[in-house]
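Here is a friendly briefing to read alongside the model. Keep the structure open as you go, and follow the residues from topic to topic.

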Amino acid sequence: VNSYLPHTPSVISCAYDASLTHRTTITMAHKSQGNSESNFLVVNGSSLTTESVFELGSGRLKLKLDPESAKRVDSARKQVEDIVEKGKVVYGISTGFGNFARTIISSEKLNELQYNLISSHAAGVGEPLPPERTRRLLALRINVLAKGYSGISLKVLEQYIDAFNASCLPYVPEKGTVGASGDLAPLAHLAYGMMGKGRVWSPETGWKSAADRKSG
């Protein structure tokens, strides 16, 4: 694990926005390998290769969001905000999930809806994934979000990238859901740690309570 330690101290914040307004911030001290452009991989939703994903797991590369991807992310976010502001009925935004798809959720409960979705699926068991695998998982999630289809805010996506670059890694158990939706539990745990819940790992301290790293 020590081979993933960067080298110059600095401070970053990483956070996950559960829906439209809720945000918990985790602050981490980390060391950087320098700001050389060669240390960065620009992510745009389609630029990752198998080789680059493995390299990202090593901690030797950092991520940077492509400007065009940022525009797409921002545009999709505005669509989500428009849905909420106008009270439109859209599955998973203003309705429940699965059997509750026809249940309309009031605007006052939207934060709770998104929080409950994540916390209910963060039900994996077993030992945590090693840091290199969690880095790959986080990099892949950032890559998907960079496509600009999810409705995530640009600020939160940038905070995910900050978290990756700082090795601010949530606790993701090795065992979880399987089958067609086999990534639900691992991805829920990924978001859960970014919300300041569960545990997070850093090169300097190892595993600690995510709540201890909240700064706002």
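In this predicted model, Val-53, Phe-54, Leu-56 and Gly-57 of helix H1 are in contact with Glu-132, Arg-135, Arg-136, Ala-139 and Leu-140 of helix H4. Sorted by class, that contact is made up of 5 nonpolar, 1 polar and 3 charged residues.

**How H1 and H4 cross**

- Helix H1 covers residues 50-57 and helix H4 covers residues 131-145; their axes come within 7 Å and cross at roughly 130°.
- The crossing of H1 past H4 is right-handed.

**How H3 and H6 cross**

- Helix H3 spans residues 110-121, and its axis comes within 7 Å of the axis of H6, with a crossing angle of roughly 120°.
- H3 and H6 are therefore oblique to each other.
- Here the crossing, H3 past H6, is left-handed.
- On the H3 side, Tyr-115, Ile-118, Ser-119 and His-121 take part, and they meet Leu-184, Ala-185, Ala-188, Ala-191 and Tyr-192 on the H6 side.
- By class, this contact has 7 nonpolar and 2 polar residues, with no charged residues.

**A closer look at Tyr-192**

- Where does Tyr-192 sit? Tyr-192 belongs to helix H6, which runs over residues 184-194.
- Is Tyr-192 buried or partly exposed? Its relative accessible area is 22%, so Tyr-192 is partly exposed; the cut-off for buried is under 20%.
- Tyr-192 and Ile-118 are 74 residues apart along the chain, and their C-alpha atoms are separated by 6.6 Å.
- Once neighbours within four places in sequence are set aside, Tyr-192 contacts Tyr-115, Ile-118, Ser-119, Ala-122, Lys-197 and Gly-198.
- Tyr-115, Ile-118 and Ser-119 in that list are also among the H3 residues that meet H6.

**Aromatic pairs**

- How many aromatic pairs does the structure hold? There are 2 aromatic pairs.
- One of them joins Tyr-91 and Phe-97 in an edge-to-face arrangement, at 5.9 Å centre to centre and with 80° between the planes.
- Phe-97 has a relative accessible area of 25%, which makes Phe-97 partly exposed.
- Tyr-171 and Trp-207 also pair: their ring centres are 5.5 Å apart and their planes lie at 70°, so this pair is edge-to-face.
- Tyr-171 is in the loop between strand E6 (169-170) and strand E7 (173-175), while Trp-207 is in strand E9 (residues 206-209), so the pair ties together parts that are 36 residues apart in sequence.
- Tyr-171 counts as buried, at 17% relative accessibility, whereas Trp-207 counts as partly exposed, at 28%.

**The chain as a whole**

- The chain contains 6 helices and 9 strands.
- It has 216 residues, of which 46% count as buried.
- Among contacts in the chain with a separation of 6 or more, 65% come from residues 24 or more positions apart.

Notes: Residues numbered from 1 in each chain as written. Predicted model: local features only at pLDDT ≥ 70, side-chain atom pairs only at ≥ 80, totals over all residues. Heavy atoms only, no water. Axes fitted to C-alpha atoms, helices over the stretch in contact; angles between N-to-C directions. Helix = DSSP H or I, 4+ residues; strand = E, 2+ residues; numbered from the N terminus. Left-handed = near helix turned anticlockwise from the far one by under 90°. Contact = heavy atoms within 4.5 Å. Nonpolar A, V, L, I, M, F, W, Y, C, P; charged D, E, K, R; others polar. Buried < 20%, exposed > 50% of the residue type's maximum accessible area, 1.4 Å probe, protein only. Phe/Tyr/Trp six-rings, centres within 6.5 Å; stacked < 30°, edge-to-face > 60°. Parallel < 35°, antiparallel > 145°, perpendicular 65-115°, else oblique.
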